[in-house]
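Colleague: Could you take me through this structure? I would like to begin with the ligand.

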Amino acid sequence: MGELAMWQQRVEEFVLGQVGPPPAQVLEVGCGEGELAHALARAGHSVTAIDPRAPEGPIFRRVGIEEFTDPGPFDHVVASLSLHHIENLGEALDKLADVLRTGGSLVVVEFGWDWIDEATGQGALGHPGVDRGMRSPARAQREVAPVHAAGGCLRTDLAGV
Ligand SMILES: C[S@@+](CC[C@H](N)C(=O)[O-])C[C@H]1O[C@@H](n2cnc3c(N)ncnc32)[C@H](O)[C@@H]1O
């Protein structure tokens, strides 16, 4: 199995484990090509997956979190490597809190930038599993670390991916 397939498998296992048994209403933010959304749907969840570049399909909405208007409520919101792309993270998190049902969960997969130094982060940008659209490790660390502090994150060891 290649590195990206291993990464994807680890993410799916982690997220499915956090979401728990079906059926649940799940919103995925920044679904990319939709692999995780499809895995959640295959597991029996009712999935809405948003991304300005979402693929075609009944579970997908081609929209950013800023324009998303479905009031929910969702049992879980999932964001895998997408929060660091969002310009106004505070507003986005407020919106996610609004669409979550009381007691719902936000499941975040992000890089553990607070665990690595700047030089390692710069090197990681060349890693095939790492998003090249990221503006800088320093910015990601600044903006994503508070989300880590809120819990629900998958700490990843980039060397082990
Ligand atoms: C690194 S990709 C991650 C894709 C997928 N979740 C994964 O883990 O492979 C980040 C995704 O976030 C999406 N994205 C960027 N800004 C967004 C926004 N404001 N709202 C929703 N999605 C956004 C991008 O289009 C992109 O598909």
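Colleague: Which residues come nearest to the ligand?
Modeller: Please keep in mind that this is a predicted model. There are 17 residues around the ligand, and those that come nearest are Gly30, Gly32, Gly64, Ser80 and His85.

Colleague: And how many residues of that shell are nonpolar, polar or charged?
Modeller: The shell around the ligand contains 7 nonpolar residues, 6 polar residues and 4 charged residues.

Colleague: Let us step back. How many helices and strands does the chain have?
Modeller: The chain has 5 helices and 6 strands. Their order along the sequence is α-β-α-β-β-β-α-β-α-α-β.

Colleague: What percentage of the residues count as buried?
Modeller: The chain has 161 residues, of which 29% count as buried.

Colleague: Which residues are buried in helix α2?
Modeller: Helix α2 covers residues 35-42, and its buried residues are Leu36, Ala37 and Leu40. Viewed down the axis of α2, these buried residues fall within an arc of 100°, so they line one face of the helix.

Colleague: Which residue with a positive phi follows α2?
Modeller: That is glycine 44, with a phi near 105°.

Colleague: Now the largest nonpolar core. Which of its residues touch the most other members?
Modeller: This core has 28 residues, and Cys31, Ala37, Ala49, Val77 and Val78 touch the most other members. Two or more residues of the core come from each of β1, α2, β2, β4, α3 (89-99) and β5 (100-109).

Colleague: What does valine 77 touch?
Modeller: Leaving aside residues up to four places away in sequence, valine 77 touches Leu27, Val29, Leu96, Val99, Leu100 and Leu106.

Colleague: Let us turn to β1. Why is it largely enclosed by the rest of the structure?
Modeller: Strand β1 is largely enclosed because 4 of its 5 residues are buried.

Colleague: In which sense does β1 pair with β2, parallel or antiparallel?
Modeller: The two strands pair in the parallel sense, over 5 bridges. Within β2, valine 47 stands opposite valine 26.

Colleague: One last point: what share of the contacts with a separation of 6 or more is between residues 24 or more positions apart?
Modeller: Such residues account for 61% of those contacts in the chain.

Methods: Residues numbered from 1 in each chain as written. Predicted model: local features only at pLDDT ≥ 70, side-chain atom pairs only at ≥ 80, totals over all residues. Buried ≥ 20, exposed ≤ 12 C-beta atoms within 10 Å, placed from the backbone. Contact = placed C-beta atoms within 7 Å. Arc of directions from axis to C-beta. Near = placed C-beta within 6 Å. Nonpolar A, V, L, I, M, F, W, Y, C, P; charged D, E, K, R; others polar. Core = buried A, V, L, I, M, F, W, Y, C linked by C-beta atoms within 7 Å. Pairing = 2+ DSSP bridges.
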